[in-house]
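Here is a short report on a two-part question: how the chains are built, and how they meet. The structure comes first, then the details.

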Amino acid sequence: MRPLLLALALLAIPAAARADDDVSAPTAACPKGVLTLHLLKPQNNPPFPWQITAFEKDNPCIKMDIAEVPFGQLADKISVLAASGNPPDVVVYDGPNTQTYAASGILLPLDSYLPAGFKDDLVPATLIEHSYEGKLYSPGTQQTTLALFYNADMLEKAGIPTPPRELNKAWTWAQAMDAFKKCQQGEGDNVTVWGLAPSRFGAATPGFVYRDLPFLRTYGDPNAPVESSVYKTYFAVAPDGKTAQGWLNTPEAVEGATFFQGMFNTAKITPKAGIPNAFQDKKACFTLDTSYFIAGLVNNDPGFKWGVTPMPYAKTPIVHTGSITLGVMAKSRHKDEAAKFAVDLSTGKAAEEFARVQRILPVLKSVYPKIPELQQYPLNIFAQQLLQWGHPRPPSAKFAQYDKIVTDALRDIAYGADPKTRLDQAARTLQPILSR
Amino acid sequence: MAAFLGPFLLLLAVFQYWPVAQMVRDSLYDFELLNPGLRKFVWLENYLYVFTDPDRQQAFLVTFGFAAGVVATVIPTAFLLAAYLNGRLPARAVVRTIVFLPVVTSAVVIATMWTFLLEPNNGLVNSALSAIGLPRLAFLTSKAQALPSIILMMLWQQTGFATVLFLSGLQSIPAEVEEAASIDGANTAQRLWHVTLPLLARTTVFVVVMMTVFSLQAFAPPLIMTGGGPEGTTNFLAFDIYTLAFNLQQPGLASAVSVVFMLVVLAISLLQMRLLRARWNY
């Protein structure tokens, strides 16, 4: 038994030692020593090196130690680290998981660290997404919405009028479907140009909640009576995030799922399998993507004229919001400094500079008037959608589970499963998980 | 002796038996990986769920159906290939290497490659079907075709391993036994049925058990090719356990599935060894 205990003790030493290693010996400039904060982030995502450098310059007694993982492994990595005795101080994660992490006690509520009026300045969708039981767990860094990109040359050739730029003139899905059909070239097994590009999100298969659940939610109405199924369809989960039965599988949601399925199986205007860069390679007339897609088209000219039109809708316009964000781990041994890092990067000049340099959608309403590009086409479409139509993916303390189960259900519906049966199955599987 | 075996037994205890004991313990609790300290003892509730939940029942059926499909296709194919390679064949070593090559290729690489091959729009298999005038198939996006497609991939991947094992079994059968049967008037089919196959029993047991275990452990195909779909038809248990533990945050339930799975695999292996045990010695 003694060797086993010795081995375990040896394994425990590095974890215990790191707390002391976080602070260097005192110097004249830093009498308490230089503190190293540990940050876990997904690759190619903020905070970018210039943001870290700017923070370290403003806070010379704090040094950031960055660990990166591929975005696809981030949630698993956080799960494992959260359970460990020595998690990072700050973590960059996917915003819709905020309630999950908050309910599990992983994240530290940041209300007491935020400047006065911060919550009032937050974009409504961000405030909902990053709050749990009245407390804010992340200040947010950026927001996203989807809009419909089109190949203007192909549309002109197909005789399709230029799609609208104004939200109040947005296409319905029926109008969009007509355009997809007119623009598609070839049919059956010989399609050369698809009406709508396949999803590039998630596993690049149909069904990713961020992109595809709005096909169902748009059949709902947030202004309908609260007990009606049309109201529940819009939200897709009960306000407390604990009930999917009767919210996810309403008759209106089934109607939306049937339309969604028709795109793949009846109208056949979009493929079931992914095609990398389908839009850029002129293999699709339209694609649903975020404002980040603009930079790719500007920096790597695809060789055709392109444009953006607001997200089509059926009954109620809706776009999903959410992006990566940052929070402070509740187990951090340096909560105040970690919270300072999170808040400093998300407020004031740093937030403004981030929006200006990266051309992202800010989470603070006060930043919008200061960035001229956000008032101009095409970014203004994304900004207006965020403020007028934006709604988080169904908020729940079990969002990760909701996301997985609903994504699988929508994928199966796209592949041909009966919409009602499959949504009922998803709601049945989800219910015991949500109500735990 | 104790000093020699001690370190190995210690490692075995720490890295094999202790995790199994932890798994059995966890299967009696309801908790999340995000906060494992907050756990509730639920007695055998997780096991009840394993036996009554339609999704779990489907995962068991799909996994064992897959294993049966792999064994049923790999064993005869590998035996025939081995019999062919056992003859006088020029460049036999080269052919054997070619047959064996997929075995040493990473499962992830193979799954990725076959995803491209079976792609419905531009995949090589569908292009070949179109070229000979046959209709394109949905393969991995079809509820009916996804599992057979993965069995086909496993057949391609695992046949080499089984072939090499059968070949070694065939080459160890004494030539005089076959000669004696020939002198007694046995034709080729009779020699195969009454001499070769019985004497290959030990090899067959080993190959069947190995193929069964490999198939039951399959994880890369659903992870990379299908995500367990369409409609759960490729939701193999190893992938289901991973999904339950990490995506759905139900490690207690995942542990219960693992315990049941482990016991069933153990029972199947014992049964296979008993049914296929060698009754001959040479």
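K282(A) counts as partly exposed, because it has 16 C-beta neighbours inside 10 Å. The model is predicted. K282(A) sits in the loop between α12 (251–265) and β8 (284–290) of chain A. K282(A) is not a glycine, yet its phi is positive, at about 60 degrees. Chain B holds another such case: E231(B), also not a glycine, has a positive phi of about 55 degrees. Most residues other than glycine have a negative phi, and most peptide bonds are trans.

Chain A also has cis peptide bonds. One joins P46(A) and P47(A), with omega about 0 degrees. P47(A) belongs to the loop between β1 (35–42) and α2 (49–58) of chain A. Another cis bond joins Y377(A) and P378(A), again with omega about 0 degrees. P378(A) is in the loop between α15 (348–358) and α16 of chain A.

## Helix α16 of chain A

Helix α16(A) spans residues 379–388. Seven of its ten residues are buried, so the helix is largely enclosed by the rest of the structure. The buried residues are L379(A), I381(A), F382(A), A383(A), Q384(A), Q385(A) and L386(A).

What do the buried residues of α16(A) pack against? Their partners in chain A are helix α6 and the strands β6 (146–151), β9 (306–309), β10 (319–320) and β12 (390–391).

## Domains of chain A

Ten residues of domain 1 and nine residues of domain 2 make the contact.

On the domain 1 side, α4 (98–103) and α6 (124–129) of chain A are the elements that give two or more residues. By class, that side has five nonpolar, three polar and two charged residues.

## Where the chains meet

Chain A puts 27 residues in contact with 22 residues of chain B. On the chain A side, the elements that give two or more residues are α1 (2–21), α3 (71–83), α17 (399–415) and α18 (419–434). Which of them gives the most? It is α17(A), with seven residues. The classes on the chain A side are 14 nonpolar, six polar and seven charged residues.

## Chain B overall

Chain B has 282 residues, and 32% of them count as buried. It has 13 helices and two strands. Its C-alpha atoms fill a box of roughly 75 × 65 × 35 Å along the principal axes. Among contacts in chain B with a separation of 6 or more, 69% come from residues 24 or more positions apart.

## Helix pairs in chain B

Two packed helices are described by the angle between their axes and the distance between the axes. Helices α7 (residues 146–171) and α10 (residues 201–216) of chain B cross at roughly 160 degrees, and their axes come within 10 Å. α7(B) and α10(B) are therefore roughly antiparallel to each other. Their crossing is right-handed. From α7(B), the contact uses M154(B), Q158(B), A162(B), L165(B), F166(B) and G169(B). From α10(B), it uses T203(B), F206(B), V207(B), M211(B), F214(B) and S215(B). The class count is eight nonpolar, four polar and no charged residues.

Helices α1 (residues 2–26) and α13 (residues 251–275) of chain B pack at about 120 degrees, with their axes 7 Å apart. This crossing is left-handed. α1(B) contributes M23(B), V24(B) and D26(B). α13(B) contributes P251(B), G252(B), S255(B), S258(B) and V259(B). The residues of this contact divide into four nonpolar, three polar and one charged.

Is E231(B) buried or exposed? E231(B) is buried, because 22 other C-beta atoms lie within 10 Å. It lies in the loop between α11 (220–226) and α12 (237–247) of chain B. S142(B) is 89 residues from E231(B) in sequence, but their C-alpha atoms are 9.3 Å apart in space. S142(B) is in the loop between α6 (124–131) and α7 of chain B. With 18 C-beta neighbours inside 10 Å, S142(B) counts as partly exposed.

V109(B) belongs to helix α5 (residues 107–117) of chain B. It is exposed, with 12 other C-beta atoms within 10 Å. V109(B) and I224(B) are 115 residues apart in sequence and 9.6 Å apart in space, C-alpha to C-alpha.

Definitions and conventions. Residues numbered from 1 in each chain as written. Chains lettered and ligands numbered in written order. Predicted model: local features only at pLDDT ≥ 70, side-chain atom pairs only at ≥ 80, totals over all residues. Axes fitted to C-alpha atoms, helices over the stretch in contact; angles between N-to-C directions. Helix = DSSP H or I, 4+ residues; strand = E, 2+ residues; numbered from the N terminus. Parallel < 35°, antiparallel > 145°, perpendicular 65-115°, else oblique. Left-handed = near helix turned anticlockwise from the far one by under 90°. Contact = placed C-beta atoms within 7 Å. Nonpolar A, V, L, I, M, F, W, Y, C, P; charged D, E, K, R; others polar. Buried ≥ 20, exposed ≤ 12 C-beta atoms within 10 Å, placed from the backbone.
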